[in-house]
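Subject: Structure for your reading

Dear colleague,

Please find the structure below. I would be grateful if you read the notes after it with the model open beside you.

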Amino acid sequence: MKKIYCFLVWFLSFLFLSCEEVIPLHLETAPPKLVIEAAIVWKKGSSGSTQKIKLSTTTSFYTNTPSKVSGATVFIKNSTNTIFNFIEVPTTGEYKCSNFVPVIGENYTLTIIANGNTYVASETLLPVAPITRVTQNNQGGFNGKNIELKAFYNDPSNTSNYYLYRYTYSNQVTSNFYADNDSFFNGNEFFSISQNDNLKPGDKVEINHYGISKTYYNYMNIIVNIAGNSGGSPFQSPPATVRGNITNSTHPENFPLGYFSLSEYDTANYTVQ
Amino acid sequence: MISKNYFLFCLLLLSGILASAQEKFTLSGTISDNNSNETLIGVNLFIPELKTEVTTNEYGFYSITIPKGNYSIRISYMGYQTLEEQLQLNQNTKTNFKLITNENTLKEVIITDTKTRTDIRKPEMSVNKLSIAAVKKMPVVLGEVDVLKSILLLPGVTNAGEGASGFNVRGGGADQNLILLDEATIFNSSHVFGFFSVFNPDAIKDLKLYKGGIPARFGGRASAVLDIYQKDGNSKEFQANGGIGLISSRLLLEGPLTKEKGSFLIGGRSSYAHLFMKLSKDQKNNAAYFYDLNTKVSYKLNSNNNLYLSGYFGRDVFRLANSFTNMYGNSTLNLRWNHLFSDKLFSNLSLIYSDYYYGLNLDFVGFQWDSGIKNYTVKYDFKNYITDRFKLNYGVNAIYYDFNPGSIQPSRADSGINFSQLDKKYAFEPALYINADQEMSKKFSVSYGLRYSFFYRLGQSNVNVYANNSPVTFNTNMQIYEKATPIGTQNFQKNEILKSYNYLEPRLSLAYQLNEKQSFKASYNRMVQYLQLISNTSSPTPLDVWTPSDSFIKPQIANQIAIGYFKNFKNESYSLEIETYFKKIDNRIDYIDGADLIANNALEQIILNGKMRAYGLEVLLKKNEGRLNGWVSYTLSKSEQQTPGRNSLEIGINQGKWYNSAYDKTHNLAITSSFLYNEKWTFGTNFTLQSGQPVTYPNGQYQYLGITIPSYGLRNKNRLPAYHHLDISATLTPRKNNYRNWKNEWVFSIYNIYNRKNAAAINFRQNSESRDNEAVKTSIFGMVPAVSYNFKF
């Protein structure tokens with residue numbers, strides 16, 4: 001809901017007369033920080049044994065090439081101390097595991113040892129409600145003329161649920177993410193919605209719904225806001241460094257960025273009619 | 001401590017009363033416009049023989065008690081001819097004076113009479129007055145005369161840039177300004193998210209901005225008071241005036257109800273861009289418009305009693321296809337009764353209702369949102385003109401608030417949304433005050449007062465209870481603030497007191513006259529603000545909600561001192577005002593990272609109480625007369641905020657360091673001038689140059705889930721590029737034609753004549769094609785020419 005509001009305010013305030021231009025702007029670069037992308041996802045009905053963790057560092061804002069972190073020790077432990085090792089695909093900064101055992105409700109602990117620092121985090125694997133149907137509306141969007149997709153699910157009423165929606169479009173390079181929570185629709189049938197104004201018949205859309213924890217919801221909400229193009233304006237809220245759930249147990253003040261999350265997800269593939 | 005102060009206070013009071021021994025009489029009455037009987041506020045009545053003066057109050061009333069004798073009285077007021085009259089005072093006398101406007105005479109003559117010199121005698125400082133006539137001639141964007149945009153030219157006043165709502169006074173937040181329209185609080189002062197102000201210039205009589213040295217009769221906001229009075233309406237003859245502009249048109253009708261006894265005023269204004277939208281096939285289903293309505297009825301029961309009933313209603317409406325409808329606005333209604341208990345004791349009783357409503361219907365989600373604030377005020381104010389050297393103001397007031405933080409309901413049968421009502425909140429804010437204006441000697445005058453304010457947060461159901469009474473917890477492991485989970489809830493009866501506060505708010509200002517032309521002034525004020533605007537943005541948005549202080553969210557307490565030097569020179573044709581101030585505000589709220597402000601039913605879980613400080617130097621040089629007049633204002637200032645950790649384990653917000661508030665503008669230069677070329681043409685120029693707004697630029701980036709995320713360092717360390725624009729206007733007043741009373745004028749203006757693309761924001765994004773990161777500047781107005789037509793008959 002929050003994003004809708006932000007978007008609204010932004011949109012209306014520039015209804016007339018505003019203009020945008022790309023400008024050269026010098027930016028300072030802070031010393032690099034470790035970034036951990038440890039998003040363990042388990043597709044409904046699959047084994048979930050193959051998982052991946054990515055390590056990189058922050059770079060200067062205008063740099064095109066992400067810097068990878070090689071040579072780290074990465075493993076996840078479950079509550080019965082079973083260890084799942086993640087082995088680097090040489091010099092890619094990507095660490096893979098092929099024997100991971102996902103269990104809903106199980107608590108996992110991530111340990112990463114890199115450059116003499118030990119990073120730890122723990123999190124619980126959460127389920128997600130299945131996508132029941134996808135609908136297409138040709139009078140959607142703010143001007144009532146765009147193609148709009150909705151993916152429906154039945155929100156379980158007994159708990160607070162948090163969702164991460166990911167829409168990947170064949171006509172767009174990057175995926176769009178939205179975080180949501182059921183506080184306004186607890187126990188009802190609800191939906192995620194596409195926000196791509198350029199959908200045309202024949203475009204393919206992959207819709208993923210992930211079940212996430214409340215803290216990851218908070219994290220992704222900030223991430224989506226600061227990564228989105230809608231920021232800025234007099235209505236801008238102060239951006240901040242987003243801390244995830246991973247700590248540096250060797251030098252606590254030098255905390256890493258990124259998050260250790262575990263989610264079940266459901267996918268719907270849809271071709272625009 | 002308090003009792004000692006109180007004793008001193010009483011002593012001062014007594015000394016003022018006892019100073020009168022001679023046989024004295026009271027001269028009192030009202031001062032009004034000769035054409036319309038409209039009473040005039042702040043008119044100066046000067047008695048040269050005694051070197052004493054009095055100014056009319058908000059209702060045009062004056063009273064002065066002086067020894068018996070013969071006097072020559074001089075009455076002067078901006079935009080009017082100075083009136084001089086001989087008067088023999090040997091009994092209590094009631095005299096109503098009428099002033100003649102400049103418009104009716106040869107312009108060449110008046111210019112020398114229209115003096116807006118600085119009053120160096122009065123202990124009033126940090127106060128700016130603008131005449132509506134001057135405001136109307138200033139060049140403005142799209143030709144929409146705008147009271148709020150005009151005050152931005154004054155020293156110490158800024159806003160967040162083009163198209164931003166609200167204004168910032170001496171480094172304070174927009175929520176810290178008390179905006180009063182005929183004594184009723186206006187919660188949102190902007191139309192169209194800040195492009196235009198809600199005040200119809202035709203309906204306004206007078207406005208005064210208090211930046212410091214705020215009199216004890218005002219309270220409830222930490223930074224400033226903008227006091228606006230609507231016209232009463234012409235009680236002599238029917239009159240209409242209006243204007244046609246590019247964005248909106250306005251029409252105001254006024255006239256007598258019963259000859260010279262009563263008058264009415266009704267004014268409307270509406271934008272009409274949406275009418276053009278209807279013509280376009282693309283935009284047919286879209287609408288964006290605003291309108292407002294000002295009404296007032298005044299009735300003079302007899303020479304001692306006046307009644308006023310006034311109202312304001314304004315709305316903004318946006319509709320985009322069938323996907324959403326958004327409507328918001330203020331309404332106020334108030335009834336006032338002026339009563340003279342004696343020729344020395346003036347009173348005003350006000351009953352005021354004011355509300356702010358915000359509604360949003362998102363049809364594509366099936367969602368209707370409503371929020372708002374209602375308040376009911378009773379005020380009883382007295383002005384006691386004891387002697388010519390001693391005046392007392394005192395009064396009581398009480399406000400009852402009813403907050404609706406938001407209700408959500410399904411807007412369609414097939415909507416997946418559940419009905420939910422965020423807990424309604426209630427509060428009661430009474431206050432009493434006394435303020436004395438005293439001339440201690442020919443050179444030294446003081447104004448001192450005390451306001452005693454109370455705040456009662458009244459019962460609601462489901463008040464959360466937290467472990468250690470702390471709704472925000474600090475996760476020492478992660479070094480972040482988190483929402484605490486309530487350990488229970490407590491229920492209160494509707495009128496049960498949940499939390500109460502009370503504060504003494506002393507106010508003091510001094511003026512010491514060095515000679516006829518120069519003076520030093522100093523002031524101190526404490527202001528307590530019990531309401532908080534929940535807004536995380538640098539400029540407020542219409543959907544922000546107000547929330548009362550409670551056990552967790554504490555009232556803001558501002559202390560401000562200011563010192564100033566004032567001088568009139570070159571035969572009062574120039575004035576110089578230099579002021580420096582320091583302001584400290586406790587309990588300025590700040591939000592934990594990632595706070596969700598909208599539709600949050602437990603705001604205490606995202607709020608930390610921090611503090612704020614602001615200081616600066618303001619210089620205002622005015623040319624008061626001549627064909628060319630205007631002013632240059634320059635402000636050098638700093639405004640910062642800090643939210644340290646609550647104990648040694650916590651890091652606070654922004655690592656507990658002071659950071660620039662979003663309205664910190666180091667330099668702010670404004671020049672405004674008006675040039676009377678001849679009877680037909682008047683030209684106006686405005687120039688504004690100020691430091692860019694503080695913002696936070698990324699100091700790196702990283703990839704997460706395939707998206708590029710900028711990473712940020714400390715808050716508000718960077719600044720947008722400097723902000724400046726030059727605007728010009730030309731007002732054409734065609735020679736009076738033979739039609740009876742028809743007067744008209746054309747105002748041609750060009751806003752931002754050299755087409756400066758001022759940055760409203762700089763955003764950072766990944767180019768969707770090249771996938772390179774880029775900085776994107778958004779600017780709102782380039783050069784904007786406009787024309788508007790005003791008429792009066």
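Predicted model: local features only at pLDDT ≥ 70, side-chain atom pairs only at ≥ 80, totals over all residues.

Residues are numbered from 1 along each chain as its sequence is written, chains are lettered from A and ligands numbered from 1 in the order in which they are written, and side-chain values use heavy atoms, with hydrogens and water left out.

The interface

Chain B brings 82 residues to the contact and chain A brings 86, where contact means heavy atoms within 4.5 Å. The buried area between the two chains is about 7,500 Å², and carbon and sulfur atoms give 65% of it; buried area is the accessible area (1.4 Å probe) that two parts lose on being put together, summed over both.

The rule finds 1 salt bridge across this interface, a salt bridge being a side-chain nitrogen of Lys or Arg within 4 Å of a carboxyl oxygen of Asp or Glu. It is formed by K777(B) and E21(A), whose closest N and O atoms are 3.7 Å apart. By class, the side of chain B that touches chain A has 44 nonpolar, 28 polar and 10 charged residues. Here Ala, Val, Leu, Ile, Met, Phe, Trp, Tyr, Cys and Pro count as nonpolar, Asp, Glu, Lys and Arg as charged, and the others, Gly among them, as polar.

Strand pairs

Strands are DSSP runs (E, at least two residues), numbered from the N terminus, and two of them pair if DSSP finds at least two bridges between them. Strand β1 (residues 19-23) of chain A runs antiparallel to β52(B), joined to it by 5 bridges. Within that pair, E20(A) has T778(B) as its bridge partner.

In chain B, β43 (residues 667-676) pairs with β41 (residues 628-642) in the antiparallel sense over 9 bridges. β43(B) also pairs with β44 (residues 681-690), again antiparallel and over 9 bridges. β43(B) and β44(B) form a hairpin with 4 residues between them.

Two loop residues

Most residues other than glycine have a negative phi. T91(A), however, has a positive phi, near 55 degrees, and is found in the loop between β6 and β7 of chain A. N115(A) has a phi near 50 degrees, also positive, and lies in the loop between β8 and β9 of chain A. T91(A) counts as exposed because its relative accessibility is 56%, where exposed means over 50% relative accessible area (1.4 Å probe, protein chains only).

Yours sincerely

Terms used:
Buried < 20%, exposed > 50% of the residue type's maximum accessible area, 1.4 Å probe, protein only.
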